[in-house]
Amino acid sequence: MPRSVTVLQLGDILFRPSRVFARLAESEPDPTRVFFGLTFWLILLPPLFTYFGTSSHGWLLGVEPIILPDEIVVAVSIGYFVLLMFGFVTTALVSAWMARTYNAEDSLGMSFALVSIVGAPLAVGSIVHLYPHAFANVIVLVPILIWTVYLLYRGLPVMLRTGPERGMLMASALVGYLLVAWVSLIGITVVLWGLGLGPDMGI
Amino acid sequence: MPAAAEPVRAYDDRIVRAFTVAAVVWAVLGMAAGVWVAAELVWPTLDFGLPQLSFGRLRTVHTNVVLFGFGVSALIGTGLYSVQRTSHVSLYLPKLAWFVFYAWQLAIMLGAISLMAGWNGGKEYAELEWPFDIAIAVVWVAFAVVFFGTLARRKVNPIYISNWFYGALIIVVAMLHIVNNLAMPATLGKAYSLYPGAQDAIVQWWYGHNAVGFLLTGGFLGMVYYFLPKQAGRPIWSYRLSIIAFWAFVYTYIWAGPHHLHYNAVPEWVQSLGMVMSLILLAPSWATLVNGVMTVSSAPQKLKTDPGLKFIVLALAFYGLATFEGPMMAIRSVNIMSHFTEWTIGHVHSGALGWNALITFGTFYFLVPRLAGRKLHSERLATVHFWLALAGVMLYVLAMWGAGITQSLLWLTLDDFGEVRYGFIEVMAALNPYYLLRLVAGLIFLAGAVLMAANFWLTLRGASTERAYPPAPIAEVIA
């Protein structure tokens with residue numbers, strides 16, 4: 001019988017992830033249900049926190065806060081939401097595509113659920129965006145990020161119903177993909193800054 | 001008439017063991033020096049006012065010891081191990097191989113002391129002064145004689161792909177080292193480069209980037225092409241792809257150096273050439289990545305029995321990152337933001353820690369039990385090491401990405417008069433928390449390396465090197 005995962009199970013997702021992995025491994029979650037039941041709400045959190053934090057404190061990237069006009073903050077928050085959505089969908093698609101190589105469950109619903117659960121601590125941890133000091137965000141989010149990588153290695157073999165060895169290989173391949181995607185994002189960002197879209201710099 | 005049968009001599013593996021042990025010792029010492037200089041960036045008074053412990057001197061000790069002590073010792077050791085097995089003969093001139101071992105270790109030790117004493121040629125990754133340069137050239141030629149002499153005596157006709165990479169490492173590093181260090185000695189501890197100004201910079205980065213290319217990439221690919229199929233118990237996924245990737249790699253890499261000199265006083269076409277060749281380089285780099293990933297993916301069951309294989313799997317992920325990030329940073333419009341910032345340091349370490357160190361650790365976890373003829377002392381300790389290495393390198397790279405972007409933004413922000421808005425002190429103060437995070441990352445990674453060293457010591461303790469013999473010729477087996 002198809003089962004899904006929703007935002008109501010957030011407590012289990014954060015504190016008893018192994019139980020959630022095991023439960024979902026026996027189901028066939030529908031991608032639409034996963035998306036509207038869990039993913040959408042998780043992805044909404046970081047842009048919302050960004051909006052409120054940046055509006056009230058301004059971004060502190062180094063020395064003094066950067067206070068942005070409200071319409072810019074809205075645009076940045078919407079851009080953040082779109083980017084997270086894009087990142088989520090592409091990562092889930094890559095996971096489903098890779099699953100065939102590793103003899104794992106290649107349904108899109110399962111990849112949607114896996115990426116959502118693994119990313120959930122980061123989405124909740126983004127509450128630190130309410131205080132948009134760059135280093136405060138780094139110090140909170142980096143350990144959480146390392147925890148999510150650990151969750152990926154733990155959860156992938158269980159949820160995608162492949163052995164621990166194949167699961168380890170696929171998780172490493174996904175980590176490789178995510179690292180490349182991340183650095184591409186940084187690269188694209190700085191090129192856009194250089195073209196004048198973003199902070200005003202003396203280039 | 002058949003010639004009289006030569007007595008079959010066992011493979012010379014004691015020399016491999018010596019290089020492996022030396023590499024592990026240098027790894028711990030070099031990484032500890034790295035942690036120390038990382039701490040100095042957080043607490044500058046940690047040099048206690050001693051010039052020998054100042055950042056400028058100790059940083060070069062860190063880079064030289066990890067690159068040439070750890071990295072090159074690992075490459076020579078694994079090169080000597082694999083060339084014997086892929087050639088089915090023992091080493092050519094084994095005593096010369098021992099000369100290479102002792103001379104190399106002595107050069108690294110005295111070189112590190114000379115750097116602390118303030119001898120410094122001023123060229124990055126080629127800081128050692130001219131007496132060391134001559135000594136290194138002599139030792140390197142001796143290594144070439146042993147390696148190519150063994151290859152020339154091979155009893156297998158084709159030259160296996162790992163030997164092409166090790167061979168390229170030996171030839172190109174000799175060429176780079178000699179050409180870049182041509183200098184006129186003034187005193188025992190000081191020489192002046194033969195090249196003037198911008199030409200000197202071009203030669204230096206032709207050296208510098210190809211040291212990255214042929215030593216840190218090509219040499220370690222040689223290691224991968226021998227040890228990965230061994231550990232996976234499968235042949236390389238596509239041998240043809242490995243040959244194509246080798247020639248494309250050799251041809252392309254040699255042109256990429258000028259990307260270190262963007263926006264500098266070298267001709268713009270030279271910069272553009274360096275950028276374009278760096279971008280092309282992505283193709284052969286990722287061809288090897290695909291080959292490695294597909295080879296290991298076809299033998300997942302080996303992960304159960306080989307504690308080193310997961311290091312290699314992770315190393316391939318970081319190889320993918322570093323070989324993508326490098327060409328991207330060579331694009332001039334990215335480089336204007338990334339150059340001279342901590343982003344570059346993060347990039348170097350995603351390669352050095354994520355790729356070079358992890359691939360070497362994975363190889364050593366395979367090699368050490370075989371050299372000792374017994375099981376690894378603790379597989380559990382190796383697993384703990386794996387998680388420490390993963391956490392350490394991730395934290396390092398992320399901290400440096402954050403630091404680099406912050407640094408770049410602050411440097412490039414102008415005030416209302418078009419002047420630089422933030423001064424040195426303000427930028428350093430903004431970076432301090434990231435430096436602290438990097439220190440933590442380095443400590444975590446170092447802790448893993450110390451665990452590995454202890455594990456190897458307990459494995460090798462009291463065990464003599466296992467003797468292994470070349471396989472008998474096919475005719476003999478049939479007879």
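Reply: Happy to, and one definition comes up throughout: helices (H or I, at least four residues) and strands (E, at least two) are DSSP runs, numbered from the N terminus. This is a predicted model, in which local features need pLDDT of at least 70 and side-chain atom pairs count only at pLDDT 80 or more, while totals for chains, interfaces and linings use all residues. Residues are numbered from 1 along each chain as its sequence is written, and chains are lettered from A and ligands numbered from 1 in the order in which they are written.

Let's begin with α3(B), residues 94–116. Its end C-alpha atoms are 33 Å apart, which agrees with the 33 Å that its 23 residues should span at 1.5 Å a residue; the expected span is 1.5 Å times one less than the number of residues. Several residues of α3(B) are buried, including Ala97(B), Phe101(B), Trp104(B), Ile108(B) and Leu115(B). Here, buried means that 20 or more other C-beta atoms lie within 10 Å of a residue's own, exposed means 12 or fewer, and partly exposed is in between, with C-beta atoms placed from the backbone. Residues three or four places apart on an α-helix point the same way, because there are 3.6 residues a turn. The buried residues of α3(B) pack against α1 (14–42), α2 and α4 (130–152) of chain B, where a contact is a pair of C-beta atoms, placed from the backbone, within 7 Å. Just after α3(B) comes Gly118(B), with a positive phi of about 105°.

One of those partners, α2(B), covers residues 55–87. With 33 residues, α2(B) reaches 45 Å between its first and last C-alpha atoms, close to the expected 48 Å. At Val65(B) the helix bends by about 30°, the bend being the angle between axes fitted to the seven residues ending there and the seven starting there. Mostly, α2(B) is covered, with 28 of its 33 residues buried.

Most residues other than glycine have a negative phi. Leu93(B) counts as partly exposed because 14 other C-beta atoms lie within 10 Å.

Tyr263(B) is in the loop between α7 (239–253) and α8 (268–280) of chain B, and is exposed because it has 11 C-beta neighbours inside 10 Å.

The largest nonpolar core has 206 residues, and among the members that touch the most others are Leu169(B), Ala315(B) and Phe445(B). Such a core is a set of buried Ala, Val, Leu, Ile, Met, Phe, Trp, Tyr and Cys residues joined through C-beta atoms within 7 Å. Leaving aside residues up to four places away in sequence, Ala315(B) touches Gly354(B), Trp355(B), Leu358(B), Ile359(B) and Gly362(B).

There is a strand pair too. β1(B), residues 183–187, and β2(B), residues 190–193, pair in the antiparallel sense over 4 bridges; pairing requires that DSSP finds at least two bridges between two strands. The two strands form a hairpin with 2 residues between them, and Pro185(B) stands opposite Ala191(B). The number of buried residues among the 5 of β1(B) is 0, so this strand lies largely in the open.

Finally, the contact between the chains takes 38 residues from chain B and 34 from chain A. On the chain B side, α14(B) gives the most, with 11 residues. By class, that side has 27 nonpolar, 7 polar and 4 charged residues, where Ala, Val, Leu, Ile, Met, Phe, Trp, Tyr, Cys and Pro count as nonpolar, Asp, Glu, Lys and Arg as charged, and the others, Gly among them, as polar. In the loop between α14 and α15 of chain B you will find Phe417(B), exposed because it has 6 C-beta neighbours inside 10 Å.

Technical notes. Contact = placed C-beta atoms within 7 Å.
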